[in-house]
Amino acid sequence: MGTSTERVRERLHRAERPVVLTGAGISAESGVPTFRGNDGLWRNHRAEELATPEAFRRDPKLVWEFYDWRRRLLSEVRPNRAHYALVRIEEEKRHFSIITQNVDGLHSLAGSRDVVELHGNIWRIRCTGCGREEEDRNVPLKEIPPRCGCGGLLRPGVVWFGEMLPAGAINRAYELVEATDFMLVIGTSGVVQPAASFATMAKQRSAFVAEINPERTPISPFMDEVINGKAGDMLPQIV
Ligand code: BV8
Ligand code: ZN
């Protein structure tokens, strides 16, 4: 019946344990550059080159200048209609969780309460010496690279390429993916593992899976429904 949006709305309405997986695309309409879009460059570096332990070891100052630039940009952006639409779903459904690959903190800022931050959070910083981790919202950072009282070098509290995901986050994500009957994948290019496999994992457990993305992605063929559009336009229509 009707459009894919109407079918997704109907399935969401009936879902007992809906889960949403989000990527950089849900923050794009807030003005946050995506990773792989043509706005994904900083001083001619791709994010993937800088979001690695090797880059940090080689040049902590450059990597911190990249993160300081992103933190400064993020300090001026607000959640968009797509983030708020997910808050409304959380209010209406008994069970609802967001698994996000984003480190921008915009889901929590919009008011979402059950958010699994797979790749950490750009506002958290951790000491590479003593391991102390805290939230730091200084924009710009007081010193680059920032140092801990113990003398250790501080690093962004995010997961870099080649690094393990935080055990708590990955375990919670697998729990949710295995138990869900409805997964909506929003604004991800579906290339970064392990998040890119969550939709097919859910589908193998006979969950209904749908995608919102203006472009087709490697996971589009596995979807029960593909909604070809922007999150800020399509999500409010579903909720
Ligand atoms: C791991 C935090 C286990 C940092 C990020 C070879 C060598 C080394 C590693 C690997 C390798 N091959 C595979 C790997 C594993 C690697 C990986 O997947 N690499 C890929 C690139 C091939 N994964 C890892 O390393 C992960 N760890 O596997 O650990 C392990 C460990 C050790 C040894 C063995 C195994 C860790 C991955 C986490 C990396 N950290 N971020 C930071 O942010 O600075 S990932 C980074 O990419 C962001 O978090 C981002 O969210 C994520 C995914 O990107 P997307 O969110 O999808 O964003 P993207 O720009 O790509 O796409 C945006 C989409 O939105 C597009 O589709 C666009 O069409 C759409 N869109 C645009 N506008 C809108 C929209 N949609 C809706 N509305 C709109 N308006
Ligand atoms: Zn320390």
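Which residue is the bridge partner of Leu21 in E4? The bridge partner of Leu21 is Ile99. The model is a predicted one, and its chain comprises 10 helices and 11 strands.

**Strand E4 and its partners**

- Strand E1 (residues 18–22) pairs with E4 in the parallel sense, over 4 bridges.
- E4 also pairs with strand E5 (residues 115–117), again in the parallel sense, here over 3 bridges. Within this pairing, Thr100 has Glu117 of E5 as its bridge partner.
- Strand E4 (residues 97–100) is covered on both faces. Ser97 and Ile99 lie on one side, Ile98 and Thr100 lie on the other, and all are buried.
- In a regular strand, side chains alternate between the two faces of the sheet.

**Strands E9 and E10**

- Strand E9 (residues 182–186) and E10 run parallel and are joined by 5 bridges. Ile186 has Ile212 of E10 as its bridge partner.
- Strand E10 (residues 208–212) is largely enclosed by the rest of the structure, because 5 of its 5 residues are buried.
- Both faces of E10 are covered, with Phe208, Ala210 and Ile212 buried on one side and Val209 and Glu211 buried on the other.

- For four tetrahedral donors, the ideal angle at a metal is 109.5 degrees.
- Cys130 counts as partly exposed because its relative accessibility is 46%. Cys148, by contrast, is buried, since its relative accessible area is 7% and the cut-off for burial is under 20%.

- Arg36 is located in the loop between helix H2 (25–28) and strand E2 (41–42).
- With a relative accessible area of 32%, Arg36 is partly exposed.
- Apart from neighbours within four places in sequence, the residues in contact with Arg36 are Arg46, Glu48, Phe161, Ser189, Val191 and Val192.
- Ser206 is 170 residues from Arg36 in sequence, and the C-alpha to C-alpha separation of these two residues is 30 Å.

**Overall dimensions and packing**

- The chain has a radius of gyration of 18 Å, which agrees with the value near 18 Å for a compact globule of 239 residues.
- Along the principal axes, the C-alpha trace spans about 60 × 30 × 30 Å.
- Of the 239 residues of the chain, 53% count as buried.
- Residues at least 24 apart in sequence account for 67% of the contacts between residues at least 6 apart.
- The chain exposes about 11,300 Å², of which carbon and sulfur atoms supply 49%.

Methods: Residues numbered from 1 in each chain as written. Chains lettered and ligands numbered in written order. Predicted model: local features only at pLDDT ≥ 70, side-chain atom pairs only at ≥ 80, totals over all residues. Heavy atoms only, no water. Buried < 20%, exposed > 50% of the residue type's maximum accessible area, 1.4 Å probe, protein only. Helix = DSSP H or I, 4+ residues; strand = E, 2+ residues; numbered from the N terminus. Rg over C-alpha atoms; globule rule 2.2 N^0.38 Å. Contact = heavy atoms within 4.5 Å. Areas by Shrake-Rupley, 256 points an atom, 1.4 Å probe, with all protein chains shown as cover. Pairing = 2+ DSSP bridges.
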